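Good morning, and thank you for coming. I would like to take a few minutes to go through the helix packing in this model.

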Amino acid sequence: MMVLTLVGTVATVVSVLIAMGVGPFDFSDKGTAVSRASYLQDINRTCAESYDNIADKLNDVDVAASTETTDVAALQQRFRALDLSLGALMDKLDGLPRPGRVDADVTAWWDLYKRQAGYVATMTEQFNNGDAEGASTTVEENTELTRANGPLDLAAKAIGVKCP
């Protein structure tokens, strides 16, 4: 009789734990969380896949901006191409499974990387609207953010991420 009571008690406790989704009895669909190391590997792999494409687009912008007779239409086109490529990369990065808890270093890098993408989108819009002065200011802000040993570079180094 005591054994049946014990078995009944264990069964009740296990069913309550299953209902609450606690510990090893968590059968909910939370399978998208990954380890921090795996997440950072996914970021580096995803960035590596886009690195050459975005580097080429940045080079195209630099070449178009540095010619003596700057072709505004060509520069607008180069910025649009860069913005689209960077936007596609951001979508891929944003879709990666994340660790259950993302630490402050990773969050800091992601926030700065999103700011960089925002600057590129803003520059593109400013060039498309003929606001060369506004675009120039945004270029300066982006340059300060993305310079060697600048905020984005240091945040990337802190977590071991290499992303264009």
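Ser85 is buried, at a relative accessible area of 12%, where buried means under 20% relative accessible area, exposed over 50% and partly exposed in between, using a 1.4 Å probe and protein chains only. This residue is found in helix α3; helices are DSSP runs of H or I with at least four residues, numbered from the N terminus. Leaving aside neighbours within four places in sequence, Ser85 is in contact with Asn53, Ile54 and Lys57, contact being heavy atoms within 4.5 Å.

Please note that this is a predicted model, in which local features need pLDDT of at least 70 and side-chain atom pairs count only at pLDDT 80 or more, while totals for chains, interfaces and linings use all residues. Residues are numbered from 1 along each chain as its sequence is written, and side-chain values use heavy atoms, with hydrogens and water left out.

I turn to helix α2, residues 36-66. A kink of about 45 degrees is centred on Tyr51, the bend at a residue being the angle between axes fitted to the seven residues ending there and the seven starting there. The buried residues of α2 include Tyr39, Leu40, Ile43, Cys47 and Ile54. The buried residues of this helix pack against α3 (72-94), α4 (104-128) and α6 (151-159).

Next, α4 and its partners. With helix α5 (residues 132-146), α4 packs at an angle of about 160 degrees, the axes being 9 Å apart. That makes α4 roughly antiparallel to α5, since angles over 145 degrees count as roughly antiparallel, under 35 as roughly parallel, 65 to 115 as roughly perpendicular and the rest as oblique. Axes here are lines fitted to C-alpha atoms, for helices over the stretch in contact, and angles run from 0 to 180 degrees between N-to-C directions. The residues in the contact of α4 with α5 comprise seven nonpolar, seven polar and two charged. Ala, Val, Leu, Ile, Met, Phe, Trp, Tyr, Cys and Pro count as nonpolar, Asp, Glu, Lys and Arg as charged, and the others, Gly among them, as polar.

What does α4 meet in α6? Pro151, Leu152, Ala155, Ala156 and Ile159 of α6 meet α4 residues that include Trp109 and Tyr113.

Finally, Glu144 in helix α5 is partly exposed, at 44% relative accessibility. Not counting residues up to four places away in sequence, Glu144 touches Gly150 and Pro151.

Definitions and conventions: Helices (H or I, at least four residues) and strands (E, at least two) are DSSP runs, numbered from the N terminus.
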